[in-house]
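Work through the exercises below with the sequence and the model side by side. Try each task before reading its solution.

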Amino acid sequence: MERNVAIKKVLDDNNFTGLSINNASTPDEKKVMWSDLVQGKPELEDSLSTNAKQMKAEMYTTMFKDSTDLDHPCRIPGSVYLKCLQDSVKTTEKNRSAKCLPLFGTFDACRRGVIAQQKSALENSLVKQDIADRRAKALFERRAILLDTKGH
């Protein structure tokens, strides 16, 4: 547990938020945008001015590109969807949605696939860790028995 707390502290100190956004120093607007990118749907509301829509689209794009490298499987579908948003800031939300929805579907499928892979990897790691812990416990108990029998 101490190791996990230490790792979390290092991640927090370096402003790593991950999927859960547990870093208190991250501004709320970035938390919301990150959540949109990871599990929601990045959108530009009609209530925003054209300049505000452009700025929000650029913020989404910058955050996305800064958090994915060129090898990330969702980099291309995500970039294509965000480019569609950016290119259609002057249209209504309904028209933008109709134009960009197929691109979002591809991006969303990719995100869900990555999350499923991460979940599977975590489960596999936990199983391996449990096996290693049980082996270590068995060796420790065996050592204790040997020391007890040697001492008598």
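**Exercise 1.** Find how far apart Phe104 and Phe107 are along helix 5, and work out how their rings are arranged.

*Solution.* Start with the sequence: Phe104 and Phe107 are three residues apart in helix 5, and therefore about one helical turn separates them (helices, H or I, are DSSP runs of at least four residues, numbered from the N terminus). Residues are numbered from 1 along each chain as its sequence is written. The model is a predicted one, in which local features need pLDDT of at least 70 and side-chain atom pairs count only at pLDDT 80 or more, while totals for chains, interfaces and linings use all residues, and side-chain values use heavy atoms, with hydrogens and water left out.

Next, turn to the rings. The centres for Phe104 and Phe107 are 6.4 Å apart and the planes stand at 75 degrees, so this pair is edge-to-face. Rings of Phe, Tyr and Trp (its six-membered ring) pair if their centres lie within 6.5 Å, and planes under 30 degrees apart count as stacked, over 60 as edge-to-face and the rest as tilted.

Last, check the surroundings. Phe104 has a relative accessible area of 9% and is therefore buried, and Phe107, at 1%, is buried as well (buried means under 20% relative accessible area, exposed over 50%, partly exposed in between, with a 1.4 Å probe and protein chains only).

**Exercise 2.** Determine which parts of the chain the pair of Phe64 and Phe107 ties together, and which residues belong to the ring cluster.

*Solution.* Across the whole structure, a search finds four aromatic pairs. Ring pairs then link Phe64, Tyr81, Phe104 and Phe107 into a cluster.

Now look for charges beside these rings. The charged end of Lys41 sits over the ring of Phe104, 5.4 Å from its centre, and the charged end of Arg111 sits over the ring of Phe107, at 4.9 Å. A charge sits over a ring if NZ of Lys or CZ of Arg is within 6 Å of the ring centre and within 35 degrees of the ring normal.

**Exercise 3.** Locate the disulfides, and state how the bonded cysteines are paired in sequence order.

*Solution.* The search of the whole structure finds two disulfides, each being a pair of cysteine sulfur atoms within 2.5 Å. Take Cys74 and Cys110 to begin with: their sulfur atoms are 2.0 Å apart, and the link is left-handed, with -105 degrees about the S-S bond. This pair links distant parts of the chain, with Cys74 in the loop between helix 3 and helix 4 and Cys110 in helix 5, 36 residues apart. Cys74 is buried at 2% relative accessibility, and Cys110 is buried at 16%.

Continue with Cys84 and Cys100, which are joined by a disulfide with an S to S distance of 1.9 Å. The torsion about their S-S bond is about -90 degrees, so this disulfide is left-handed. Here Cys84 in helix 4 is linked to Cys100 in helix 5, 16 residues apart. Both partners are buried, Cys84 at 6% relative accessibility and Cys100 at 1%.

To finish, number the bonded cysteines of the protein chain in sequence order: the pairing reads 1-4, 2-3.

Technical notes: Helix = DSSP H or I, 4+ residues; strand = E, 2+ residues; numbered from the N terminus.
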